[in-house]
Amino acid sequence: MSFSFYRQLNAMDCGPTCLRMIAKHYGKHYNVDTIRQNAGFSKQGVSLLGISETAEKMGFRTRGAQINFDKLYTAPLPAVLHWNQNHFVVLVSINKKIAKIADPGRGIVSYKKAEFLRYWVSNSKDEIGEIGTVLLMEPSPAFYESEGEKEAKLNWGIITRYLRPAKGQFIQIFISLLISSLLQLVFPFLTQTMVDTGINTRNLQYITIVLFAQLMLTFSSTVIGFIRSRLQLRISNKINIAVLSDFWIKLTRLPISYFDTHQTGDTLQRIGDNGQIQSFITGQTMGTIFSIFNFFIYAIILISYNINLFLVFTAGNLLYFGWIQLFLRIRRKMNYETFYLSAKENSATLQLVQGMQEIRLNNAERLKRWEWENIQVNLFNLKYKGLNYGQWQGAGGLFITQGKDILLSFMVAQLVVNGQLTFGTMLAVQYIIGQLSGPVGQFIGLSQSIQDAKISMERLNEIHQLEDEEPTNKSFMTYLPQSKDITINNLSFAYPGAGNDNVLEDINLDIPEGKVTAVVGISGSGKTTLLKLLLKIYDQYEGEIRIGESNFRYLSPSFWRRQCGAVLQDGYIFNDSIARNIAVGDEYVDHEKLLHSCRVANILSFIESLPNGFNTQLGADGVGVSQGQRQRLLIARAVYRDPNYLFFDEATNALDANNEKVIVENLANFFQGRTVIVVAHRLSTVKNADKIVVLHQGKIAEEGTHAYLTSIRGRYYDLVKNQLELGA
């Protein structure tokens, strides 16, 4: 029975892909995104426990075990193996010498026992010897009772929709190709008549006329080629912008939580996939399609001269095409490996650049450089392997084509010697064979381009098939109810991942409209998570959140965020001017609002002291400003939005005491009539709040005013007592 193999589409997708392959082996299809969500997919991938829990939801019986090589013979297969300490693969079959592995990143691979053990065994040993980790899986009756999911076929409609707007320009290109082809068809006949008529009759005037005709045809073809190249560049540019623009539009419509669970390198690598699609549409594809016309015309002419020549030509090229087909599967496997390694390289490079300060401060330069170099070594080995296969493919192809050409030359020469062809006809036939060889080479290139485009399409389709944060088939509220209180009932939440404990558990809280509510607690108590839920960054929570009488789940995320201003700990500063960093969402900056927001954030004097003022350019992620200035810019950004709701997460923890005192006073005036949720440790920030909520281990421990909570001397008092002593 053949084993259905799937490639992983993301760098950390191996676990869900293994589960998908095993489900397909037993006759059920599941989309990888469904498995990801059930398994608790994150930037770190999934755990074996996550795979086990998801498999059991699908109807499998699972058992995790650490066993030795000999016990794998009796294990039910296929099974999931923990591979090389950081990867998951499927064990398809095994005997005493060979183990067949379905590696989501590489393909179906066979390993000898020694090599298999090197990748599989952990550092543990039992009384028999080295052992490794395996997840054994067998379908239960519940598995066969479920329907599975409909398999999403490759959607080439993504390509065709970009071709329609440029239909007129494509027609112009095809007309130019047609004219060029017709002009080229004249060349062999001109060559034949020049030799057979002009040279044989010693008619120099006739030869001159023929050569002048060839020169004019060449000039015409060149002009047409120039025009066609410009048209292709224009279409290519339009399609490239459209493809990438639609990709970014799709990314901006995905839930924000998507970017918390996917590696940055995967997203960057898919930009390269968009380029592959654009190249496929506007590159050699159009010329190759039109070469079919040329091929058939020249084939008819060659048959009219001598059918045996055409049969030999066809047999040789079929052999050449068969040889190339042998390497297409290898190229496909290497394309996936290249994607996987390139995504890792992107992430490692970004980490080196963005984390250089921490790397230097922790003397980790050598270790991080080694990590990057190891990826480069793997990429080099992959490129070397690609070169090796490319050389074999090229050498074999050259041998076949040269052998075919030599045989054809001999046959043509024999026909001339036997008087069946004239010398001029021989030159014409040689020209025709050369023109036929061109389309054949393009067909081969097209088959490889189609394969590359198909692989890119699979990865892009995965993004385009993800559900938007606001699907068009669902209706969301785009208005706020009359009562704007936030009410939380029995709220529980755990981050994706099997075995993760609830970060928030059974939260019941009223956040009154127009009041300031402070949330305090030790690190890890769930304060930031609560803010992210209220900003609709995550929506897989249990319980209920209401705005007035309206269910929070049904409120449009984009509309809700327009009502909110937020200063989070990981707020981003763009590589843009100070003004554009504050007025991020406005095409035209409102100068009055800009000045007001900077006064509230107490950063106006600093900005005015700069030579370029608000036009001062900042580096990416705040290069060029201190942490305190960065926080004040983020506060100014939130104030500029003039929102109904404000969410502050440790918004003043990097400020000195003087700046904090001024900003807290300014914010107190700005908070009037707005609903504010402040997460903070500092007493100066929270003591004047209308309500203070104390979180401890994901639960509400206390709530009340500053005076009440200090009087009962509970957890709040313990949190701020040192600050109270300093203030006494």
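This briefing walks through a few local features of the structure above, grouped by topic. The model is a predicted one: local features need pLDDT of at least 70, side-chain atom pairs count only at pLDDT 80 or more, and totals for chains, interfaces and linings use all residues. Residues are numbered from 1 along each chain as its sequence is written, and side-chain values use heavy atoms, with hydrogens and water left out. Helices (H or I, at least four residues) and strands (E, at least two) are DSSP runs numbered from the N terminus.

**Around His 87**

- Let's begin with His 87, which belongs to strand β3 (residues 87-94).
- His 87 counts as buried because its relative accessibility is 9%; buried means under 20% relative accessible area, exposed over 50%, and partly exposed in between (1.4 Å probe, protein chains only).
- The side chains of His 87 and Asp 103 make a polar contact at 2.7 Å. Such a contact is a pair of N or O atoms within 3.5 Å; within protein, one must be able to donate a hydrogen and the other to accept it, and residues adjacent in sequence count only if both atoms are side-chain atoms.
- Beyond its neighbours within four places in sequence, His 87 is in contact (heavy atoms within 4.5 Å) with Gln 8, Cys 14, Leu 81, His 82, Asp 103, Pro 104 and Gly 105.

**A nonpolar patch**

- Phe 212, Leu 215, Met 216, Phe 219 and Val 223 make a nonpolar surface patch of about 500 Å². Patches are made of residues with over 30% relative accessible area and no salt bridge, where like charges are joined within 9 Å and nonpolar side chains (Val, Leu, Ile, Met, Phe, Trp, Tyr) within 5 Å. The areas come from the Shrake-Rupley method with a 1.4 Å probe; for residues, only the protein chains shown count as cover.
- Phe 219, one of the patch residues, sits in helix α8 (residues 204-253) and is exposed, with a relative accessible area of 53%.

**Salt bridges**

- The count of salt bridges comes to 10, each being a side-chain nitrogen of Lys or Arg within 4 Å of a carboxyl oxygen of Asp or Glu.
- Arg 561 and Glu 469 form one of them, with the closest N and O atoms 2.7 Å apart. Arg 561 lies in helix α17 (residues 557-562) and Glu 469 in the loop between α15 (423-464) and β8 (486-493), so this pair ties together parts that are 92 residues apart in sequence. Glu 469 is buried, at 17% relative accessible area.
- Glu 665 pairs with Lys 661, the closest N and O atoms being 3.0 Å apart. These residues are four apart in helix α22 (residues 657-670), so about one helical turn separates them. Glu 665 is partly exposed at 43%, while Lys 661 is exposed at 54%.
- Arg 360 forms a salt bridge with Glu 365, with 3.2 Å between the closest N and O atoms.

- Helix α16 (residues 527-534) is mostly covered, with seven of its eight residues buried; among them are Lys 527, Leu 530 and Lys 532.
- Just after α16, Lys 536 takes a positive phi of about 60°.
- Four strands make an open sheet in the order β9-β8-β11-β12, with antiparallel pairing. β9 (504-511) and β12 (550-551) each have a single partner strand, so one side of each is left without a neighbour in the sheet.
- Strand β11 (residues 542-547) pairs with β12 over two bridges in the antiparallel sense; strands count as paired if DSSP finds at least two bridges between them. Ile 547 stands opposite Ser 550 in β12.
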